[in-house]
Amino acid sequence: MGDSATKAKNFIWREDRYRDIFRTSEKNELLVKIWRDAFGEDYPEEADPFGFVTIPDLKRFSEELKLERGNTLLDIGCGRGGPGLWVARKTGAVLIGIDVVPEAISQANRLKATQEGGETATFAVGSFTDTCLPSASVQAIMSVDSFWMVLDKTSALEEMARVIQPSGRFVMTTWVSPYLSVESMLNAAGFDLLTYEETPGWKERQMAVYSSILKNRNELAKAIGDSATEVLIAEAEQTPAQLSSSPRCFIAAQRKAQA
């Protein structure tokens, strides 16, 4: 396995940093066990996520997006699609999922075939800054634990404002660095901030996942390969030092109505 410090340095500047993980099989039982053990009854098994989303998070998304049946929901940074499919099924929305990693989109397209309501979902390769969607084409946007990876956050929020209809909701979970002014950034892009709060119990769960990853590094390498394991190890070793100043937050905003 390569040097973890070098891997971590390269990892920070890659928006597709999880690509090696998505190249592995859709569902690895060891990874599922690590997350399930850390999350307990809050683990959203049905959504089959890769990340730190919980059942309470998904319920909150479903409520705060203010969707009506048949509305179009964009899940930006959708990964392999499970959380977006969960919310779409709960709300009756028509889902569009976009992610920068082609392998994640391939997995999402396979997953939707197994999910109730998945026949109306569409998944495609794109990014926060380039969705390829028409202007004002979606009623709401969700994003689970992806915005922190975006390098050009200003352009990303401008793109979200372009594709959402006036008064539409943009709801996300993300880690917020101390140098970011979330409200100022959202306001400049054309959103009003509605909710900005830490998600309950996020740090304890995250630390438990990282501890288990480090404990099971050899087993993970056998299960998903050295390259994917290096990505997980790099995050597990480097991220804890940042968590005290970069909390995981639930953020809801609303697109300003046009004059």
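Mentor: Happy to! One term before we start: contact means heavy atoms within 4.5 Å. This is a predicted model, where local features need pLDDT of at least 70, side-chain atom pairs count only at pLDDT 80 or more, and totals for chains, interfaces and linings use all residues. Residues are numbered from 1 along each chain as its sequence is written, and side-chain values use heavy atoms, with hydrogens and water left out.

Trainee: How many helices and strands does the protein chain have?

Mentor: The protein chain has eleven helices and seven strands. Helices (H or I, at least four residues) and strands (E, at least two) are DSSP runs, numbered from the N terminus.

Trainee: What is the order of the strands in the open sheet?

Mentor: The order is β3-β2-β1-β4-β5-β7-β6, with mixed pairing; two strands pair if DSSP finds at least two bridges between them. At the edges sit β3 and β6 (191-198), each pairing on one side only.

Trainee: Which bridges join β4 to β5?

Mentor: Six bridges join β4 (residues 138-144) to β5 (residues 164-175), and these strands run parallel. Met-142 stands opposite Val-171 in β5.

Trainee: And what about β2 and β3?

Mentor: β2 (residues 94-99) and β3 (residues 122-125) also run parallel, joined by four bridges. Ile-96 is opposite Thr-122 in β3.

Trainee: Where does α8 lie?

Mentor: Helix α8 (residues 182-189) lies across β5, β6 and β7 (248-255), at about 155° to β6. Axes are lines fitted to C-alpha atoms, for helices over the stretch in contact, and angles run from 0 to 180 degrees between N-to-C directions.

Trainee: Switching to helix pairs, at what angle do α10 and α11 cross?

Mentor: The axes of α10 (residues 217-224) and α11 (residues 226-238) cross at roughly 145° and come within 7 Å. Residues making the contact include Leu-220 and Ile-224 of α10 and Leu-232 and Ile-233 of α11.
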